[in-house]
Number of protein chains: 4
Amino acid sequence: VPVYVSVAGPGEAAPEVLEGAEAVGRELARRGAVVVCGGLGGAMAAACRGAAAEGGTSVGLLPGPDRESANEWLTVAIPTGMGELRNGLVARAGDALIAVDGGYGTLSEIGFALKLRRPVVGLGTWELDAVVVAEDPADAAERALALAQGRKR
Amino acid sequence: VPVYVSVAGPGEAAPEVLEGAEAVGRELARRGAVVVCGGLGGAMAAACRGAAAEGGTSVGLLPGPDRESANEWLTVAIPTGMGELRNGLVARAGDALIAVDGGYGTLSEIGFALKLRRPVVGLGTWELDAVVVAEDPADAAERALALAQGRKR
Amino acid sequence: VPVYVSVAGPGEAAPEVLEGAEAVGRELARRGAVVVCGGLGGAMAAACRGAAAEGGTSVGLLPGPDRESANEWLTVAIPTGMGELRNGLVARAGDALIAVDGGYGTLSEIGFALKLRRPVVGLGTWELDAVVVAEDPADAAERALALAQGRKR
Amino acid sequence: VPVYVSVAGPGEAAPEVLEGAEAVGRELARRGAVVVCGGLGGAMAAACRGAAAEGGTSVGLLPGPDRESANEWLTVAIPTGMGELRNGLVARAGDALIAVDGGYGTLSEIGFALKLRRPVVGLGTWELDAVVVAEDPADAAERALALAQGRKR
């Protein structure tokens, strides 16, 4: 069974944030992790693109009622029709969460992940005591996987 | 149509937090607002007790599959069977959110409420720029109602 | 603690169906039950109108993201933002379900209620072995309450 | 973008039902469809096993809070923590639904799928006018894909 890592990030973001998200997706895929995200554009699409570049798997849990808004890099796109409530599903689906930049949607995913005892790794995101700060995308992937495996044991 | 105000707070809390939550429920009911919460004990039960003392209405959106865990002060108890995901329902159901103390569950509700453009008023809770800090329970109720009505207009 | 009875029915319906739904709401309220429904128009609004006429309580679990589409007879209106998935919440929230006429949405609520071991009473609805056929609205309310209380014991 | 077909069926079933479900999974995978199901055992596991035998992809939307109950044949396992409400997610995630045998859970998925305008193909399941009856698993897969593509156009 692979490790699943959720990636939370904004649907619109500056180029350096997108680069970071793409690198996170790449580093996760290199380590065999499945990437889970909200399935839309911006940092979500970037993480999926990174995963795809390494032949990895990504899953998008979409807010809308159909697959139309899915980004093109997803391996699997699941429309939930639950709107923003799908953030809770994204947080739950990962064995750990990596938050990349992010606004209030990302904050809700961090809150959910922590409430559900999922470890959270941050890359330029909300500064909270429980969020493990990563130095760069490879470090974020490394830490998320180590914490996820520690949690499973 | 009454204004609905969600109250987020921990299921277990110190006496002064419970007192604050009860006063928040009381002040909301006095102003004719419907109190929405997660329906369990601690700060949630306290807010409902406060609302009940003023003859107000409170609604609990429970995480479990039945009404067994509902606190005794609720006017209406709705079991969602969605676990912690019901936090998103609580945040959505209010025209504004008052966060009282709180842990990660409360953080997820704050994130959700902000994402859904609900104003958030805080009483000894997470310090975030978008959270309006209240001085006391009456001030929290007053501000939440003013912000909720401003949002509706 | 009152008994909660969910009422499932179409958002648009013939006058005799609406009359039946209104009578169901009335008969439930007379017996002290809380009416839960999908909160929109048609048979849902009729059931709420009936409950209101007897001074009863009705709760609407709305599919949309806000309270705008709520019918005017509801005591409590909760926007879920979950679209048709809120049918599952409606089925879960009742100690029993009364299905009035109904299309596929009602069918999904019947399936859910049966899966969740809620007794289902039908009034001119889908004919399934597990659905108890009522003769008229008073009979439907009577049976739903008896079955709900049997289930609780 | 591949076509997604949801497969609904019981968690415990007679050998011939399991054989049918496995054949449905196989026939869907042969035609390039992604199989979506509730992720547990019985007919769900059988459909995933069939898809896996053909190198296909299957996605399980689990009722529980973690991946522990996932069957071993799933490509992707998503814990929803929503209990039986995840049936609505399963119905929504497919461009069509194939119902194999089935009890009340399957009935709820059929109701949901029809409500959401997804075509439903049945193999020894609930007899409803709107359910297209298939002769055998290959016929079920063939019809589901044809109907799904007609819906998309």
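Buried area is the accessible area, taken with a 1.4 Å probe, that two parts lose on being put together, summed over both. In this predicted model, chain D and chain C bury about 1,800 Å² between them. Carbon and sulfur atoms carry 82% of that area. Within chain D, the residues that lose the most area to chain C are Leu85(D), Tyr104(D) and Phe112(D), which together make up 34% of what that side buries. The contact is formed by 19 residues from chain D and 19 residues from chain C.

The rule finds zero salt bridges between chain D and chain C. On the side of chain D that touches chain C, the elements giving two or more residues are helix H3 (86–93) and H4 of chain D. H4(D) provides the largest share of that side, with eight residues.

The arrangement of the two copies was described by superposition. Chain D is placed on chain C by a rotation of 180° with 0.0 Å of shift along its axis, at an RMSD of 0.0 Å. The two copies are thus related as by a two-fold rotation axis. In chain D, the C-alpha nearest the axis belongs to Ser108(D), at 2.2 Å from it. Of the interface residues of chain D, 100% are also interface residues in chain C, so the copies meet through the same surface.

Chains A and B were treated in the same manner. A rotation of 180°, with 0.0 Å of shift along its axis, superposes chain A on chain B with an RMSD of 0.0 Å. The C-alpha of chain A nearest the axis is that of Ser108(A), which lies 2.2 Å from it. The same surface serves both copies, as 100% of the contact residues of chain A recur in chain B.

The contact between these chains involves 19 residues of chain A and 19 residues of chain B. About 1,800 Å² is buried between chain A and chain B, and 82% of this is on carbon and sulfur atoms. Leu85(A), Tyr104(A) and Phe112(A) supply 34% of the area that chain A buries against chain B, more than any other three residues. Across the interface of chain A and chain B, the rule finds zero salt bridges. Helix H3 (86–93) and H4 of chain A are the elements that give two or more residues to the side of chain A that touches chain B. The largest share of that side comes from H4(A), which gives eight residues.

The buried residues of H1(D) are Val17(D), Gly20(D), Ala21(D), Ala23(D), Val24(D), Gly25(D), Glu27(D), Leu28(D) and Ala29(D). Just after H1(D), Gly32(D) takes a positive phi of about 85°.

In chain A, Glu27(A) is found in helix H1 (residues 15–30). Glu27(A) has a relative accessible area of 12% and is therefore buried, the cut-off being under 20%. The side chain of Glu27(A) makes a polar contact with the side chain of Arg30(A), at 3.1 Å. When residues up to four places away in sequence are not counted, Glu27(A) touches Pro137(A), Ala138(A) and Ala141(A).

Backbone geometry was also examined at Asp101. In chain A, Asp101(A) has a positive phi of about 55° although it is not a glycine. Asp101(A) lies in the loop between strand S5 (96–100) and helix H4 (104–115) of chain A. With 29% relative accessibility, Asp101(A) counts as partly exposed. In chain D, Asp101(D) has a phi near 50°, a positive value in a residue other than glycine. Asp101(D) is placed in the loop between strand S5 (96–100) and helix H4 (104–115) of chain D. The relative accessibility of Asp101(D) is 28%, so this residue counts as partly exposed.

Note on methods: Residues are numbered from 1 along each chain as its sequence is written. Chains are lettered from A and ligands numbered from 1 in the order in which they are written. This is a predicted model: local features need pLDDT of at least 70, side-chain atom pairs count only at pLDDT 80 or more; totals for chains, interfaces and linings use all residues. Side-chain values use heavy atoms; hydrogens and water are left out. Copies are superposed by least squares on the C-alpha atoms of residues with pLDDT of at least 70 in both. Contact means heavy atoms within 4.5 Å. Buried means under 20% relative accessible area, exposed over 50%, partly exposed in between (1.4 Å probe, protein chains only). Helices (H or I, at least four residues) and strands (E, at least two) are DSSP runs, numbered from the N terminus. A salt bridge is a side-chain nitrogen of Lys or Arg within 4 Å of a carboxyl oxygen of Asp or Glu. A polar contact is a pair of N or O atoms within 3.5 Å; within protein, one must be able to donate a hydrogen and the other to accept it, and residues adjacent in sequence count only if both atoms are side-chain atoms.
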